Amino acid sequence: MPRPVRDLLQQRLTEVRGRIEAAARRSGRAGGEITIVAVTKSVTAATAACLPELGLFDLGENRPQELWKKAAAIPQARWHLIGHLQRNKIERTVPRVALIHSVDSLRLLVALDEFGRRTQPVPILLQFNCSRESSKQGFPPEEADILAEQLPHYPGLNILGLMTMAAWQSNPQDTRPVFAELRQLRERLRQRTGLSLPHLSMGMSHDFEVAVEEGATMVRLGSVLFAGLEATSAES
Ligand SMILES: *Cc1c(COP(=O)(O)O)cnc(C)c1O
(Lines give C-alpha, C1' and ligand atoms only; values in the text may rest on other atoms or scores of the structure.)
Protein backbone atom coordinates (compact mmCIF):
# COMPACT_ATOMS: atom_id res chain seq x y z
CA MET A 1 0.00 0.00 0.00
CA PRO A 2 1.44 3.39 -0.98
CA ARG A 3 2.38 5.44 2.02
CA PRO A 4 0.05 8.39 1.19
CA VAL A 5 -3.05 6.13 1.21
CA ARG A 6 -2.10 4.61 4.53
CA ASP A 7 -1.33 7.98 6.05
CA LEU A 8 -4.59 9.47 4.80
CA LEU A 9 -6.59 6.54 6.21
CA GLN A 10 -4.76 6.83 9.52
CA GLN A 11 -5.54 10.54 9.66
CA ARG A 12 -9.24 10.02 8.84
CA LEU A 13 -9.53 7.21 11.35
CA THR A 14 -8.04 9.36 14.09
CA GLU A 15 -10.45 12.16 13.27
CA VAL A 16 -13.49 9.84 13.16
CA ARG A 17 -12.50 8.20 16.45
CA GLY A 18 -12.33 11.66 18.03
CA ARG A 19 -15.82 12.51 16.79
CA ILE A 20 -17.17 9.18 18.09
CA GLU A 21 -15.49 9.75 21.44
CA ALA A 22 -17.11 13.20 21.75
CA ALA A 23 -20.56 11.92 20.75
CA ALA A 24 -20.23 8.97 23.15
CA ARG A 25 -19.39 11.33 26.00
CA ARG A 26 -22.52 13.34 25.24
CA SER A 27 -24.51 10.14 25.80
CA GLY A 28 -22.63 9.25 28.98
CA ARG A 29 -20.50 6.53 27.41
CA ALA A 30 -16.90 5.99 26.38
CA GLY A 31 -15.84 5.93 22.72
CA GLY A 32 -14.32 2.50 23.25
CA GLU A 33 -17.81 1.03 23.64
CA ILE A 34 -18.51 1.77 19.98
CA THR A 35 -17.21 -0.43 17.18
CA ILE A 36 -16.40 1.08 13.80
CA VAL A 37 -17.34 -1.24 10.96
CA ALA A 38 -15.44 0.08 7.95
CA VAL A 39 -17.61 -0.40 4.87
CA THR A 40 -15.26 -1.32 2.05
CA LYS A 41 -17.73 -1.61 -0.84
CA SER A 42 -16.27 1.36 -2.74
CA VAL A 43 -12.60 0.33 -2.53
CA THR A 44 -10.35 -2.50 -3.65
CA ALA A 45 -9.18 -5.26 -1.33
CA ALA A 46 -5.72 -3.65 -1.42
CA THR A 47 -7.05 -0.43 0.09
CA ALA A 48 -9.31 -2.28 2.54
CA ALA A 49 -6.30 -4.29 3.72
CA CYS A 50 -4.79 -1.10 5.18
CA LEU A 51 -7.35 -1.02 7.95
CA PRO A 52 -6.29 -4.12 9.88
CA GLU A 53 -2.73 -2.76 9.62
CA LEU A 54 -4.02 0.39 11.32
CA GLY A 55 -5.72 -1.66 14.03
CA LEU A 56 -9.28 -1.64 12.67
CA PHE A 57 -10.38 -5.26 12.18
CA ASP A 58 -14.14 -4.95 11.65
CA LEU A 59 -14.88 -4.65 7.93
CA GLY A 60 -18.26 -4.71 6.20
CA GLU A 61 -19.65 -5.40 2.74
CA ASN A 62 -23.21 -5.18 1.54
CA ARG A 63 -23.00 -7.79 -1.23
CA PRO A 64 -22.28 -11.42 -0.34
CA GLN A 65 -20.16 -12.15 -3.43
CA GLU A 66 -17.97 -9.12 -2.81
CA LEU A 67 -17.65 -10.15 0.84
CA TRP A 68 -16.48 -13.64 -0.17
CA LYS A 69 -13.79 -12.13 -2.39
CA LYS A 70 -12.51 -9.60 0.12
CA ALA A 71 -12.72 -12.03 3.04
CA ALA A 72 -10.48 -14.41 1.10
CA ALA A 73 -8.01 -11.58 0.48
CA ILE A 74 -8.16 -10.20 4.06
CA PRO A 75 -8.79 -13.20 6.33
CA GLN A 76 -7.39 -11.40 9.38
CA ALA A 77 -10.45 -9.07 9.44
CA ARG A 78 -13.78 -9.75 11.15
CA TRP A 79 -16.30 -9.54 8.31
CA HIS A 80 -19.78 -8.08 8.67
CA LEU A 81 -22.54 -8.55 6.10
CA ILE A 82 -24.59 -5.34 6.07
CA GLY A 83 -26.77 -5.88 2.98
CA HIS A 84 -29.46 -8.25 1.81
CA LEU A 85 -28.70 -11.98 1.95
CA GLN A 86 -30.51 -14.35 -0.38
CA ARG A 87 -31.21 -17.74 1.16
CA ASN A 88 -29.22 -19.59 -1.53
CA LYS A 89 -26.08 -17.77 -0.34
CA ILE A 90 -26.37 -18.74 3.33
CA GLU A 91 -24.04 -21.75 3.12
CA ARG A 92 -21.19 -19.77 1.57
CA THR A 93 -21.67 -16.61 3.60
CA VAL A 94 -22.23 -17.66 7.21
CA PRO A 95 -18.85 -19.40 7.70
CA ARG A 96 -17.07 -16.23 6.50
CA VAL A 97 -18.78 -13.63 8.70
CA ALA A 98 -18.61 -12.53 12.32
CA LEU A 99 -22.06 -10.92 12.20
CA ILE A 100 -24.96 -10.52 9.78
CA HIS A 101 -26.51 -7.08 10.39
CA SER A 102 -29.21 -7.34 7.75
CA VAL A 103 -31.67 -10.10 8.65
CA ASP A 104 -34.76 -8.52 7.16
CA SER A 105 -37.47 -11.18 6.80
CA LEU A 106 -39.01 -14.13 8.59
CA ARG A 107 -38.08 -16.40 5.67
CA LEU A 108 -34.42 -15.51 6.04
CA LEU A 109 -34.62 -15.87 9.82
CA VAL A 110 -36.02 -19.39 9.49
CA ALA A 111 -33.45 -20.42 6.88
CA LEU A 112 -30.55 -19.10 8.99
CA ASP A 113 -31.95 -20.91 12.03
CA GLU A 114 -32.01 -24.19 10.09
CA PHE A 115 -28.40 -23.68 9.05
CA GLY A 116 -27.41 -22.75 12.61
CA ARG A 117 -29.04 -25.87 14.07
CA ARG A 118 -26.89 -28.03 11.77
CA THR A 119 -23.68 -26.11 12.49
CA GLN A 120 -23.54 -23.53 15.29
CA PRO A 121 -25.78 -20.61 16.25
CA VAL A 122 -25.50 -17.84 13.66
CA PRO A 123 -24.76 -14.34 15.07
CA ILE A 124 -27.29 -11.87 13.66
CA LEU A 125 -28.95 -8.50 14.05
CA LEU A 126 -32.56 -7.87 13.08
CA GLN A 127 -32.89 -5.06 10.54
CA PHE A 128 -35.84 -2.73 11.05
CA ASN A 129 -37.11 -0.25 8.49
CA CYS A 130 -37.54 2.63 10.94
CA SER A 131 -37.42 5.28 8.19
CA ARG A 132 -40.35 3.47 6.50
CA GLU A 133 -38.97 4.07 3.00
CA SER A 134 -40.26 1.53 0.52
CA SER A 135 -36.75 1.34 -0.97
CA LYS A 136 -35.28 0.06 2.32
CA GLN A 137 -35.22 -3.50 3.62
CA GLY A 138 -36.17 -4.55 7.09
CA PHE A 139 -39.01 -5.56 9.36
CA PRO A 140 -41.69 -2.89 9.81
CA PRO A 141 -41.43 -1.63 13.42
CA GLU A 142 -45.14 -2.44 13.75
CA GLU A 143 -44.27 -6.15 13.49
CA ALA A 144 -41.98 -6.12 16.53
CA ASP A 145 -44.54 -7.76 18.82
CA ILE A 146 -45.27 -10.60 16.39
CA LEU A 147 -41.53 -11.08 15.92
CA ALA A 148 -40.98 -11.12 19.68
CA GLU A 149 -43.24 -14.17 19.98
CA GLN A 150 -41.16 -16.00 17.35
CA LEU A 151 -37.67 -15.17 18.60
CA PRO A 152 -37.43 -17.72 21.45
CA HIS A 153 -38.02 -20.52 18.93
CA TYR A 154 -34.73 -20.16 17.04
CA PRO A 155 -31.98 -22.13 18.79
CA GLY A 156 -29.92 -21.87 15.59
CA LEU A 157 -29.59 -18.11 15.97
CA ASN A 158 -27.58 -15.90 18.28
CA ILE A 159 -29.66 -12.72 18.15
CA LEU A 160 -27.36 -9.91 19.29
CA GLY A 161 -29.40 -6.78 18.57
CA LEU A 162 -30.96 -4.54 15.95
CA MET A 163 -29.88 -2.57 12.89
CA THR A 164 -31.40 0.26 10.91
CA MET A 165 -30.59 2.80 8.19
CA ALA A 166 -31.89 6.36 8.30
CA ALA A 167 -32.97 8.22 5.19
CA TRP A 168 -30.44 10.82 4.05
CA GLN A 169 -31.27 14.20 5.58
CA SER A 170 -29.57 17.49 4.73
CA ASN A 171 -29.49 18.11 8.48
CA PRO A 172 -28.22 14.95 10.23
CA GLN A 173 -30.14 15.99 13.37
CA ASP A 174 -33.31 15.07 11.48
CA THR A 175 -32.30 11.40 11.59
CA ARG A 176 -32.56 11.34 15.39
CA PRO A 177 -36.16 10.03 15.62
CA VAL A 178 -35.21 6.98 13.51
CA PHE A 179 -32.33 6.05 15.81
CA ALA A 180 -34.38 6.73 18.93
CA GLU A 181 -37.08 4.44 17.58
CA LEU A 182 -34.60 1.59 17.10
CA ARG A 183 -33.46 1.98 20.71
CA GLN A 184 -37.08 1.88 21.88
CA LEU A 185 -37.75 -1.21 19.75
CA ARG A 186 -34.83 -2.89 21.48
CA GLU A 187 -36.37 -2.09 24.88
CA ARG A 188 -39.66 -3.57 23.78
CA LEU A 189 -38.07 -6.72 22.39
CA ARG A 190 -35.91 -7.11 25.50
CA GLN A 191 -38.95 -6.99 27.75
CA ARG A 192 -40.93 -9.42 25.64
CA THR A 193 -38.18 -11.96 24.96
CA GLY A 194 -35.69 -11.68 27.83
CA LEU A 195 -32.88 -11.48 25.24
CA SER A 196 -30.20 -8.94 26.18
CA LEU A 197 -29.76 -7.61 22.60
CA PRO A 198 -26.53 -5.75 23.37
CA HIS A 199 -25.99 -4.21 19.93
CA LEU A 200 -27.52 -1.34 17.98
CA SER A 201 -25.95 -1.03 14.53
CA MET A 202 -26.90 2.44 13.33
CA GLY A 203 -25.21 5.48 11.86
CA MET A 204 -23.30 5.99 8.60
CA SER A 205 -20.83 8.64 7.43
CA HIS A 206 -23.38 11.43 7.34
CA ASP A 207 -25.20 10.75 10.61
CA PHE A 208 -23.01 8.60 12.89
CA GLU A 209 -22.63 11.18 15.65
CA VAL A 210 -26.40 11.43 16.09
CA ALA A 211 -26.63 7.63 16.09
CA VAL A 212 -23.94 7.38 18.79
CA GLU A 213 -25.76 9.96 20.90
CA GLU A 214 -28.85 7.76 20.60
CA GLY A 215 -27.04 4.62 21.71
CA ALA A 216 -25.34 3.03 18.69
CA THR A 217 -22.80 0.35 19.62
CA MET A 218 -21.72 -0.15 15.98
CA VAL A 219 -21.43 2.49 13.28
CA ARG A 220 -21.01 1.52 9.62
CA LEU A 221 -18.69 3.98 7.91
CA GLY A 222 -17.75 4.09 4.23
CA SER A 223 -17.26 7.46 2.57
CA VAL A 224 -15.95 9.32 5.63
CA LEU A 225 -12.98 6.93 5.55
CA PHE A 226 -12.59 6.16 1.86
CA ALA A 227 -13.83 9.17 -0.16
CA GLY A 228 -11.52 9.88 -3.07
CA LEU A 229 -9.29 6.88 -2.37
CA GLU A 230 -10.27 4.50 -5.09
CA ALA A 231 -8.52 6.30 -7.94
CA THR A 232 -5.32 6.26 -5.90
CA SER A 233 -5.47 2.57 -5.07
CA ALA A 234 -6.35 1.61 -8.67
CA GLU A 235 -3.11 3.21 -9.78
CA SER A 236 -1.00 1.37 -7.26
C1 LIG B 1 -22.74 1.67 2.11
C2 LIG B 1 -23.37 1.39 3.41
C3 LIG B 1 -22.91 2.05 4.56
C4 LIG B 1 -21.82 3.11 4.56
O5 LIG B 1 -22.29 4.26 3.92
P6 LIG B 1 -21.44 5.64 3.97
O7 LIG B 1 -22.49 6.68 3.84
O8 LIG B 1 -20.51 5.59 2.85
O9 LIG B 1 -20.77 5.69 5.30
C10 LIG B 1 -23.52 1.71 5.77
N11 LIG B 1 -24.49 0.79 5.85
C12 LIG B 1 -24.96 0.15 4.76
C13 LIG B 1 -26.04 -0.86 4.92
C14 LIG B 1 -24.41 0.43 3.51
O15 LIG B 1 -24.87 -0.22 2.43
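Modeller: Start with a term: a polar contact is a pair of N or O atoms within 3.5 Å. Here, a ligand nitrogen atom is 2.9 Å from a side-chain N or O atom of R220. This is a predicted model: local features need pLDDT of at least 70, side-chain atom pairs pLDDT 80 or more, while totals for chains, interfaces and linings use all residues. Numbering runs from 1 along each chain as its sequence is written, and side-chain values use heavy atoms, without hydrogens and water.

Colleague: Which residues have polar atoms 2.5 Å and 2.8 Å from a ligand oxygen atom?

Modeller: In S205, a side-chain N or O atom is 2.5 Å from a ligand oxygen. In S223, a polar backbone atom is 2.8 Å from a ligand oxygen.

Colleague: How much of the ligand does the protein bury?

Modeller: Accessible areas come from the Shrake-Rupley method with a 1.4 Å probe. Alone, the ligand exposes 390 Å². The protein buries 87% of that.

Colleague: Which residues are around the ligand?

Modeller: Near means a heavy atom within 4 Å. The residues around the ligand include V39, K41, N62, I82 and M165.

Notes: Polar contact = N/O pair within 3.5 Å; in protein donor to acceptor, adjacent residues only side chain to side chain.
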